[in-house]
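Hi there,

Here is the structure I promised to pass along. Have a look at it first, and then read on for my notes.

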Amino acid sequence: MSAQAQMRALLDQLMGTARDGDETRQRVKFTDDRVCKSHLLDCCPHDILAGTRMDLGECTKIHDLALRADYEIASKERDLFFELDAMDHLESFIAECDRRTELAKKRLAETQEEISAEVSAKAEKVHELNEEIGKLLAKAEQLGAEGNVDESQKILMEVEKVRAKKKEAEEEYRNSMPASSFQQQKLRVCEVCSAYLGLHDNDRRLADHFGGKLHLGFIQIREKLDQLRKTVAEKQEKRNQDRLRRREEREREERLSRRFSRERSLREESWEYGRSERGPTDWRLESSNGKTASRRSEEKEAGEI
């Protein structure tokens with residue numbers, strides 16, 4: 001990618017589709033079903049695993065940094081709940097990867113020489129120490145690249161301690177089986193990225209695996225999936241609470257409305273009942289008496305004057 005293209009992509013990421021008034025780019029909105037919601041949340045496996053052994057190629061949906069910027073701006077004003085779409089996408093992807101991992105384990109169990117449970121446990125111990133060494137070496141290299149030399153040295157000291165444990169575990173494993181069988185490469189499948197790991201892999205191979213883009217990419221995807229599950233659960237709980245509160249408010253308003261209508265109906269019935277009890281003659285008498293009293297009052301006032 002040229003410097004100009006990189007600058008254009010950076011502006012898209014910062015300012016969105018409307019940064020230069022290009023109306024053609026605004027024809028597709030970030031809410032369109034054709035847009036990858038995982039890309040908007042920066043967790044699409046097609047992006048994360050690009051350039052690795054498990055490169056998935058181009059995503060079938062639209063990826064555009066400008067649309068991601070549009071989404072980030074809009075999500076500050078209202079909840080779009082795209083996390084649910086992204087969660088479904090990642091769950092489907094991880095489920096397929098876990099299925100391949102189980103198939104690889106089954107294939108290894110069929111092709112590798114069968115060993116006793118005791119020997120298998122000792123081999124598993126060596127594998128676990130290999131994994132710990134690989135992770136520590138990858139972390140030490142990362143700290144060294146960041147310029148944190150002191151912390152990197154501390155990690156390397158921990159690596160030496162784990163290597164000593166690994167040497168003891170390998171010795172126990174070697175003594176528990178024939179020499180011919182020990183020389184055979186005992187493989188296992190990485191639970192994170194489904195890659196094959198050997199019992200006799202050296203430190204460089206372990207560091208390359210656990211610090212590699214493929215393994216770290218799968219860690220990123222799995223961590224993002226856990227985060228999305230938590231976010232979706234929290235938002236669904238909030239939505240349920242809001243829905244329940246609105247329903248309670250609506251029911252309360254309906255009760256008050258019914259109560260008001262009932263009271264008004266009772267008042268009207270009481271008024272009608274009183275009118276019917278007194279009858280038309282009583283109403284005319286009251287009206288006549290009222291006029292007579294008014295006339296007497298006027299005559300009295302005139303006499304006093």
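A residue counts as buried under 20% relative accessible area, as exposed over 50%, and as partly exposed in between. R243 has 46% relative accessibility, so R243 falls into the partly exposed group. Please keep in mind that this is a predicted model.

R243 belongs to helix α10, which covers residues 213–304. On the surface, R243 is part of a patch of positive charge, together with R239, R246, R247 and R250.

E248, E249, E251, E253 and E254 come together on the surface as a patch of negative charge. One of them, E251, is in helix α10 as well. With a relative accessibility of 36%, E251 is likewise partly exposed, because that value lies between the 20% and 50% limits.

Now to another part of the chain. A86 sits in helix α5, made up of residues 83–111. Is A86 buried or exposed? Its relative accessibility is 0%, so A86 is buried.

What does A86 touch, if residues up to four places away in sequence are not counted? The contacts of A86 are K37, S38, L41, C43 and L228. Take K37 from that list: K37 and A86 are 49 residues apart along the chain, yet 5.7 Å separates their C-alpha atoms.

Best wishes

Notes:
Residues are numbered from 1 along each chain as its sequence is written. This is a predicted model: local features need pLDDT of at least 70, side-chain atom pairs count only at pLDDT 80 or more; totals for chains, interfaces and linings use all residues. Side-chain values use heavy atoms; hydrogens and water are left out. Helices (H or I, at least four residues) and strands (E, at least two) are DSSP runs, numbered from the N terminus. Buried means under 20% relative accessible area, exposed over 50%, partly exposed in between (1.4 Å probe, protein chains only). Contact means heavy atoms within 4.5 Å. Patches are made of residues with over 30% relative accessible area and no salt bridge: like charges are joined within 9 Å, nonpolar side chains (Val, Leu, Ile, Met, Phe, Trp, Tyr) within 5 Å. Accessible areas come from the Shrake-Rupley method with a 1.4 Å probe; for residues, only the protein chains shown count as cover. A salt bridge is a side-chain nitrogen of Lys or Arg within 4 Å of a carboxyl oxygen of Asp or Glu. Lys and Arg count as positive and Asp and Glu as negative; His and the chain ends are not counted. The place of a charge is taken as NZ of Lys, CZ of Arg, CG of Asp or CD of Glu.
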